[in-house]
Amino acid sequence: MHTEDTFPLSGPYRTTGAGTWKKLAGREYRYGNIHYEFEGRTVLFRIRMRSVLSLSRDGNFFTENGRFEGLDSNDNTLFGGCYSGTANRLIF
């Protein structure tokens, strides 16, 4: 999977997130992804995100709850927290 999102601590330089997802049961899925934060050409840290997503019956809406961590080059946690989100399918 690939993700695009925003992060309030980020500067203008950030990679697309890459990760994997897995169906848990019914309409629930678990995913994880990682992306990198830069300043100039220097990697500042990696962001690791993990979440559980619940898809609506009609497939047009989801909610999610997850955690994120900022990791240094030695996998030490620099900061972290929780997040939640919702989304609606775009219809053109």
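1. A residue is called buried when its relative accessible area is under 20%, exposed when the area is over 50%, and partly exposed in between (1.4 Å probe, protein chains only). Arg 46, at 16% relative accessibility, therefore counts as buried. Buried residues make up 25% of the 92 residues in the protein.

2. The model is predicted: local features need pLDDT of at least 70, and side-chain atom pairs count only at pLDDT 80 or more, while totals for chains, interfaces and linings use all residues. Residues are numbered from 1 along each chain as its sequence is written, and side-chain values use heavy atoms, with hydrogens and water left out. Here pLDDT is the predictor's confidence in each residue, from 0 to 100. The protein averages 89, and 91% of the residues score at least 70. Confidence is lowest in strand β2 (residues 13–14), with a mean of 78, and highest in β6, at 96.

3. The protein has seven strands and zero helices. Both kinds of element are DSSP runs numbered from the N terminus: helices are H or I with at least four residues, and strands are E with at least two. Along its principal axes, the C-alpha trace spans about 45 × 30 × 20 Å.

4. Two strands pair if DSSP finds at least two bridges between them. Strand β4 (residues 28–39) pairs with strand β5 (residues 42–55) in the antiparallel sense over 12 bridges. Their hairpin has two residues between the strands, and Gly 40 takes a positive phi near 65 degrees there. Strand β5 also pairs with strand β6 (residues 61–71), again antiparallel, over 10 bridges. In this second hairpin five residues lie between the strands, and Gly 59 in the turn has a positive phi of about 75 degrees.

5. His 35 stands opposite Ile 47, and Ile 47 stands opposite Gly 70 in β6.

6. How many salt bridges are there, if one is defined as a side-chain nitrogen of Lys or Arg within 4 Å of a carboxyl oxygen of Asp or Glu? The count comes to two. Asp 75 forms a salt bridge with Arg 46, the closest N and O atoms being 2.0 Å apart. Asp 75 lies in the loop between β6 and β7 (77–88) and Arg 46 in strand β5, so this pair ties together parts that are 29 residues apart in sequence.

7. Glu 69 forms a salt bridge with Arg 48, with the closest N and O atoms 2.7 Å apart. The pair links distant parts of the chain, since Glu 69 is in strand β6 and Arg 48 in strand β5, 21 residues apart. Arg 48 has 24% relative accessibility and therefore counts as partly exposed.

8. Glu 64 belongs to strand β6. Glu 64 is buried yet has no salt bridge; the nearest side chain of opposite charge, Arg 30, is 11 Å away. For charge, Lys and Arg count as positive and Asp and Glu as negative, while His and the chain ends are not counted. The side chain of Glu 64 does make a polar contact with the side chain of Tyr 31, at 2.5 Å. A polar contact is a pair of N or O atoms within 3.5 Å; within protein, one must be able to donate a hydrogen and the other to accept it, and residues adjacent in sequence count only if both atoms are side-chain atoms.

9. Leu 44, in strand β5, is partly exposed, with a relative accessible area of 40%. Leaving aside neighbours within four places in sequence, Leu 44 is in contact (heavy atoms within 4.5 Å) with Glu 37, Phe 38 and Glu 39.
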